[in-house]
Amino acid sequence: MVNFLNKLEVYFQKEFTEKSGRIFIFSLIFLFFITFDIPFLTLFFIFLFLTNMIGHDLRNGKFSLIISLPYSYREVFFSSYVLSLLLIVIPSSIGLAFFNFGSLYLSIALLKILSVIIFATAYFAIIIISVTLGGDTFGIPFLILIADWILGKIGSSYAVNPYKYISPSNQGNVWASLIFSVFLLLLSLYLFEKRGVQK
């Protein structure tokens with residue numbers, strides 16, 4: 001565990017050195033958009049940020065540099081996942097606390113953060129799956145996002161459209177969506193380790 005935390009620290013330093021500009025811009029975006037609850041734009045910017053993380057490195061041939069360090073595929077995967085979540089959740093939490101101080105119940109704020117984590121987990125996984133299966137980091141995942149958004153809105157009841165329950169963007173049932181997102185994450189890890197990118 002201590003060894004992984006040390007590697008996590010090194011990975012964070014690498015990402016902040018290489019992507020400091022992008023991280024700063026997206027942090028400002030998350031500070032405001034998630035705070036003021038602008039649904040599709042919020043999801044789009046989270047999605048856009050995720051396309052600039054490990055999926056971008058995989059697609060642009062930078063992964064061989066990462067894996068040449070003493071990291072396993074799993075360590076790289078979870079390092080990127082943890083960093084991605086922290087860079088989304090921290091500014092979002094600050095924004096929610098600052099702009100809604102005294103007017104937002106803690107339970108509502110926590111549900112908003114959980115909702116963000118569910119969506120980010122699902123699309124972190126979808127981007128990895130796309131790249132490991134030979135796709136890109138933006139086009140195919142973005143089409144999935146649009147389809148997810150539309151399918152989750154179809155029907156007036158969950159009996160008509162049970163996909164509403166698990167949709168990462170609509171999250172008709174938070175816990176069902178969470179389970180579905182974790183399933184996608186584990187599937188992406190499996191594909192990443194088995195198919196991955198050659199060292």
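Which side chain is joined to that of Asn-170 by a polar contact of 3.2 Å? In this predicted model, the partner is Ser-169, whose side chain makes the 3.2 Å polar contact with the side chain of Asn-170. A polar contact of 3.0 Å also joins the side chain of Ser-169 to that of Asp-148. Ser-169 lies in the loop that runs between helix H8 (163–166) and helix H9 (174–194), and, with neighbours within four places in sequence left aside, Ser-169 is in contact with Leu-43, Phe-119, Asp-148 and Trp-149. The relative accessible area of Ser-169 is 12%, and because buried means under 20%, this residue is classed as buried.

The setting of Phe-24 was examined next. Phe-24 is placed in helix H1 (residues 2–33) and has a relative accessibility of 53%; since the term exposed applies over 50%, Phe-24 counts as exposed. Together with Ile-25, Leu-28 and Phe-32, Phe-24 forms a nonpolar patch on the surface, and the accessible area of these residues together is about 390 Å².

For the chain as a whole, the secondary structure consists of nine helices and zero strands, which gives the pattern α-α-α-α-α-α-α-α-α when read along the sequence. Of the 199 residues in the chain, 46% are buried, and the accessible surface comes to about 10,200 Å², with 71% of that surface belonging to carbon and sulfur atoms. Among contacts in the chain with a separation of 6 or more, 69% are accounted for by residues 24 or more positions apart.

How values were computed: Residues are numbered from 1 along each chain as its sequence is written. This is a predicted model: local features need pLDDT of at least 70, side-chain atom pairs count only at pLDDT 80 or more; totals for chains, interfaces and linings use all residues. Side-chain values use heavy atoms; hydrogens and water are left out. Helices (H or I, at least four residues) and strands (E, at least two) are DSSP runs, numbered from the N terminus. Buried means under 20% relative accessible area, exposed over 50%, partly exposed in between (1.4 Å probe, protein chains only). A polar contact is a pair of N or O atoms within 3.5 Å; within protein, one must be able to donate a hydrogen and the other to accept it, and residues adjacent in sequence count only if both atoms are side-chain atoms. Contact means heavy atoms within 4.5 Å. Patches are made of residues with over 30% relative accessible area and no salt bridge: like charges are joined within 9 Å, nonpolar side chains (Val, Leu, Ile, Met, Phe, Trp, Tyr) within 5 Å. Accessible areas come from the Shrake-Rupley method with a 1.4 Å probe; for residues, only the protein chains shown count as cover. A salt bridge is a side-chain nitrogen of Lys or Arg within 4 Å of a carboxyl oxygen of Asp or Glu.
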